[in-house]
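I opened the model and went through it in order: the chain contact, the chain folds, then the domains and a few strands. My notes follow.

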Amino acid sequence: MSYRQASYDEPFIGELRSGTTYKIPGKVEPDALMDLPSGSLRKDLPLPEVAEYDVVRHFTRLSQMNYSVDLGMYPLGSCTMKFNPKFADRVSTFEGFSEIHPLQPERSVQGSLRVMYELQEYLKELSDMDAITLQPLAGAHGEYTGILIIRKYHEDRGELDKRTEIIIPDSAHGTNPASAAMGGFDVVEIPSGEKGTVDLEALKAALSERTAAFMITNPNTLGIFEDQITEIAKLVHEAGALLYYDGANFNAIMGVTSPGLMGFDIVHFNLHKTFATPHGGGGPGSGPVAVRGNLKDFLPVPTVGKEGDRYFLDYTHPKTIGQVSSYFGSFNMMLRAWSYITYHGSDGLKENTVNAVLNANYLARKLAGKFKIPYKALKKHELVLSTENTGKRALDLAKYLIDHGVHAPTVYFPLIVHEAMMIEPTESVSKADLDQYADILLKSLDEQETELKKMPRNLSVGRIDEVRAARDLKVRWKLE
Amino acid sequence: MSVNQEHNEMLNFLQIKDKNDLFSDVPQNVKKKGLNMNRGISEYELLEEARSYSLMNKGPGMTNFLGNGLYDRVIPTSVDSLIGRTEFLTSYTPYQAEMSQGVLQSLFEYQSLMCQLTGMDVTNSSMYDGYTALGEAVRMAYRVNEKTEILLPETIYKGKLEVIRSYIAGLHVKLLFYGVDMKTGHIDLDDVRSKVSANTSAIVCEQPNGLGIIDENVFKLQEIKKDALLIAYVDPISLGILMEPGSYGADIVVAEGQQLGIHRSFGGPLLGILSFKNDYIRRSPGRIIGESVDANGKRAFVMTLQTREQHIRREKAMSNICTNQALMAIAAASYISIVGADGIRKVATLTYQNSKKLRSSLSSAGKLSKGQLTGKPFSDVLVSLASPVEKLQDKLFDRGILGGIPLARFLSKGKAEAIPNSYFFSVTEKTREQDIEQLVRTLEVIS
């Protein structure tokens, strides 16, 4: 193994002293600030004074100490780290898109509105939902927007006071209970059944006239399709509650089935997952929310409408939950998602789904002999294995993987599987990459635990003391 | 070997004949019949189509007076170049810290630089945008003291207020509004004083305020806030010259960071900056990067205090934040590093200088009514025009000028009418004298 990540002893940018070289145009008049009371002015401004070339080298060196999807497999489960097409980068730099203020006259932004309108139509078609907002800025923000719609729906029916609970399976993404609680609901967690899917009896027992909604993702976080989804939808609706679709795992089913066909009422998408917009080391994301026709009036404003050839911002939703972010959403991410969908089209999108599922199943089968892969065999976009039977810790194996130049899976999630590794290869990896990944993971089992604990050794730093970071809290440098 | 052959080998390994069998667990009655959209196209065709859409937009190259939150500022080419590096661009949240030191140190530097700029102890590693960060700040204040009243200026923009309302929908807190003097443009301290009580969770103030004015009274709020937290929503560029919130008693500082090297892109992605005092760190939302050491004692960075977060604490988490705006935070860190202390001071000073020039040019051309705000604007120059402002934005646009926004776009009609024909023109360091002259000339023609 000859993998080595770059490793620099890179100082804090503020410690570089080469002096600012960048030129801001314009001439400051000597008395420019004289009319402001001195009490309004700051006394000092302790910021870096570094030459542009040093800043570029500093951040470039830092970038070399960072793995990315352009370097190889990045199979974080539920994160859908697929290849981010370069044409979308290019499109996002077109001046006619990047240098536009959101409060310009409507007729001067017809191109942007057209992109948004077409993306709305695309996402409605893909989800079989009736109406949509592009405004939420991330998946969790989309969830929260969905929660606000759930509130408003029950309020409108005079039932908000009694519908105080949201049911969530124990395998759910952490954002689901967090978003529900943020919206003032009590979270009722139900256990998964023996097959790893929703236990209908547990669901029936939890549903009541207090239930506001049931939030699930399908396939779930075990990568298993909830095949009783029609029955689930019926039960939820009979109880007078709404069914919420967490779209984090939408890449597994796009073009094959849809939340609308399955009976969901509200759906959020993660454009940075399913539609390949780059995740930038943690964000930006984008989390559009689509709803059935009976919930359309509650959507945030504005949405984008079309009349003849003219696109317009539509503020008419009569019972709107209002505005949920500063403007109309993360336009640049919408533009990239629009590019991705337009490029792949009806044929390519479905093919991507099928290949993503093929890759997950292939990898599952390659690993099944050595690792325990709980629940049923047929996976969708991701597989969850347990390292428990191997006597090794998932964390140690993760460090072995990263030491060999591939990114680790999500570990210790979902919470219902001990020593879990959640692997989502996506469609954009070759068989050779999958074989290599399986080989590395299988070989890791031959390593002694004492050796594993010393890993990683080939990265810019060795194993980091996380406890110390939280105990001796240091979250900034000071610049005098 | 073609891709299909590779797939066939994989299918053989799985002992599956047809790829569709991979979906045998999806019941027939929910299978999709097909997708009602066009088939895929080539990259070349896509770029052409996207370009044609971009050309339907107008704005680049026009004289620009649009601001009120997002601004057309100088962006060093190096900023775009750095955040375009695919190691940053195409990485995920740094869950495997040892493999992600680049993003982690960059975000740690962002946190540090924002603390320097705001004068606060801690900055988290970013929020979605300014408005949502303000919503989170209000929630955070409630978590800190569990008091039920939030005081807001009556000149807070409608959109900002709606976002705050959306963030407190599940909390039992009440919004109360304090007055703003529509002659000076300063907040009414007596009114704030009369409304601060034992129930006040937080006082939200803005600097510059909702009327665009550098508000000297905001600096005095610390004297009357009692036990309430002071949340300051600030313009980060203005901090190049104005007193930093850490020096006037702010407990939480919120800002929209777009001006720090980020393109406007029709409103997103933006950057929510959230800074606060050390005492509140365990009640704070979002992700925080901390410094530690590796097994060999070498300095290293990790996401820390994760027990506040949704993936661990679930319904008891401090926020539901998972994705944030990491890349935009790196843009801001590199922007500040490149333009430096002198650059930010110059950008801020030129902005203030240009706002004065704009106001005096409009005034000497007789375009303004008699009653003008006596307070001093920073970048958003609110004027009371001598003639009606309806359709003014459209008329200016027809003559090659982007800008200006009526105050009524941001405040309720009643409030906006307190200043007749009230209208914003915004300036930046890019505004040139000939731009202001063009605006004045154009106003001569159309009003």
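**Entry 1: contact between the chains.** I counted residues in contact, meaning that their C-beta atoms, placed from the backbone, lie within 7 Å. Chain A gives 160 residues and chain B gives 161 residues. On the side of chain A that touches chain B, the largest share is 19 residues from helix α11 (residues 331–368) of chain A. Helices here are DSSP runs of H or I with at least four residues, strands are runs of E with at least two, and both are numbered from the N terminus. I then sorted that side of chain A by class and got 82 nonpolar, 54 polar and 24 charged residues. Nonpolar covers Ala, Val, Leu, Ile, Met, Phe, Trp, Tyr, Cys and Pro; charged covers Asp, Glu, Lys and Arg; the others, Gly among them, are polar.

I noted the basis of the model. It is predicted, with local features needing pLDDT of at least 70 and side-chain atom pairs counting only at pLDDT 80 or more, while totals for chains, interfaces and linings use all residues. Residues are numbered from 1 along each chain as its sequence is written, and chains are lettered from A and ligands numbered from 1 in the order in which they are written.

**Entry 2: chain A overall.** I found 15 helices and 12 strands in chain A. The radius of gyration of chain A, taken over C-alpha atoms, is 25 Å, close to the 23 Å from the globule rule for 480 residues, so chain A is as compact as a globular protein of that length. That rule is 2.2 Å times the number of residues to the power 0.38. The C-alpha trace of chain A spans about 75 × 65 × 45 Å along its principal axes.

**Entry 3: domains of chain A.** The bounds come from an automatic or database domain assignment. Chain A has domain 1 (13–64), domain 2 (88–344) and domain 3 (348–469). I took the centres of domain 2 and domain 3 of chain A over C-alpha atoms, and they are 29 Å apart. In their contact, domain 2 of chain A has 20 residues and domain 3 of chain A has 22 residues. The domain 2 side of chain A there holds 9 nonpolar, 9 polar and 2 charged residues.

**Entry 4: domains of chain B.** The assignment gives domain 1 (63–72 + 340–446) and domain 2 (77–335) in chain B. Their centres, over C-alpha atoms, are separated by 27 Å. Each of these domains of chain B puts 27 residues into the contact. On the domain 1 side of chain B, α10(B) supplies the largest share, 7 residues. That side of domain 1 of chain B divides into 16 nonpolar, 6 polar and 5 charged residues.

**Entry 5: an open sheet in chain B.** I traced 3 strands in the order β11-β14-β13 (chain B), paired antiparallel. Strands pair if DSSP finds at least two bridges between them. β11 (380–384) and β13 (405–406) of chain B are edge strands with a single partner each, so one side of each has no neighbour in the sheet. β11(B) and β14 (residues 422–426) of chain B are joined by 5 bridges. Leu382(B) has Phe424(B) as its bridge partner in β14(B).

**Entry 6: a parallel pair in chain B.** I found 5 bridges between β3 (residues 149–153) and β4 (residues 174–178) of chain B, which run parallel. Ile150(B) is bridged to Leu175(B) in β4(B).

Notes:
Two residues are in contact if their C-beta atoms, placed from the backbone, lie within 7 Å.
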